[in-house]
Amino acid sequence: MADVGVRAARHDDVAAVASTQIRAWKYGYRDFLPEGPLEQMTGAAAEDLWRRQWDEAIVSPPSRRHRVLVAVEKVVLDTDAFPALGPGGIAAAAALQGSERVVGLASHAPAEDPDLDPTTTGELLTFLVDPDHIRRGHGSRLLNATVDHFREDGYRTIVTWAFADNHAVLGFLESAGWGEDGAERVLHIGRTVRMVRLATDIS
């Protein structure tokens, strides 16, 4: 069993945030991104780069409206099994008991697209759940927390960019009231990959 929740990311979450991003990208993008670019995005060198970028985003955000949220599960172990672990195993397991595991992340900021007003429109920049923890409500909790923050900041609209072939994310967002607003991007990364922008009214 595990207790779950969403909170602001902390400095000691940086490694877990970067790892969760890599794992989610490898799993979620494997069917529509070319293998070479995906490997460049998720390899060891890339993970070091993402870790540095997340460290900056979490510790020194550009403004109070730039946030990183994490979905967490509290580790709850079966203490009946402790005796079989031996003294060293019991100590290690006891240290884990009640600790938090980062299982998803969302980052947001004022919108940057030139056709949008950053004072009234915010952007969901990153929205990822670890593949071992999908379908447990983490995505909904992250999305709801993001909307709450944007409303507190006075925003009326949120946008996000998603791969046109990422049907899982598109379906999830559409079920939550988001829809494509007509804006598109085309990436040339070994083959042409299309992205679409989705928006939702939170006023």
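Which residue takes a positive phi near 90° in the hairpin of β6 and β7? We will come to that hairpin at the end of a short tour. The model is predicted, so local features need pLDDT of at least 70 and side-chain atom pairs count only at pLDDT 80 or more, while totals for chains, interfaces and linings use all residues. Residues are numbered from 1 along each chain as its sequence is written, and side-chain values use heavy atoms, with hydrogens and water left out.

Let us start with helix α1, which covers residues 14–28. Helices (H or I, at least four residues) and strands (E, at least two) are DSSP runs, numbered from the N terminus. The expected span of a helix is 1.5 Å times one less than its number of residues. For the 15 residues of α1 that comes to 21 Å, and the end C-alpha atoms agree, being 21 Å apart. Several residues of α1 are buried, among them Val17, Ile22 and Trp25; buried means under 20% relative accessible area, exposed over 50%, and partly exposed in between (1.4 Å probe, protein chains only). Those buried residues pack against α2 (35–42), α3 (44–59), β2 (67–75), β3 and β4.

In soluble globular proteins, nonpolar side chains tend to be buried together. A nonpolar core is a set of buried Ala, Val, Leu, Ile, Met, Phe, Trp, Tyr and Cys residues joined through side-chain atoms within 4.5 Å. In this model the largest nonpolar core has 26 residues, and Tyr29, Leu33, Trp50, Trp54 and Phe163 have the most contacts inside it. Two or more residues of this core come from each of α1, α3, β2, β3, β5 (157–163) and β7 (192–201). Helix α1 gives the most, with 6 residues. Tryptophan 50 shows some of this packing: leaving aside neighbours within four places in sequence, tryptophan 50 is in contact (heavy atoms within 4.5 Å) with Ala18, Gln21, Ile22, Trp25 and Met41. A second, separate core has 22 residues, including Leu124, Val129, Leu143 and Ile202.

Charged side chains come next. A salt bridge is a side-chain nitrogen of Lys or Arg within 4 Å of a carboxyl oxygen of Asp or Glu, and the whole structure holds 17 of them. One joins arginine 23 to aspartate 130, with the closest N and O atoms 2.6 Å apart. Arginine 23 lies in α1 and aspartate 130 in the loop between β4 (121–129) and α5 (138–152), so this pair ties together parts that are 107 residues apart in sequence. Arginine 23 is partly exposed at 33% relative accessible area, whereas aspartate 130 is buried at 6%.

Another salt bridge, at 3.2 Å from N to O, brings together aspartate 113 and arginine 185. Aspartate 113 sits in the loop between β3 (100–110) and β4, and arginine 185 in strand β6 (residues 179–188), 72 residues apart. Elsewhere, Arg7, Arg10, Asp12, Asp13 and Glu100 are linked in a network of salt bridges. Within it, aspartate 13 and arginine 7 meet at 2.7 Å, N to O, and both are buried.

Finally, the strands. Two strands pair if DSSP finds at least two bridges between them. Strands β5 and β7 run antiparallel and are joined by 7 bridges, and β6 and β7 also run antiparallel, joined by 7 bridges. Alanine 199 in β7 is the bridge partner of valine 159 and of glycine 179. As for the opening question, the hairpin of β6 and β7 has 3 residues between the strands, and glycine 190 is the residue with the positive phi near 90°.
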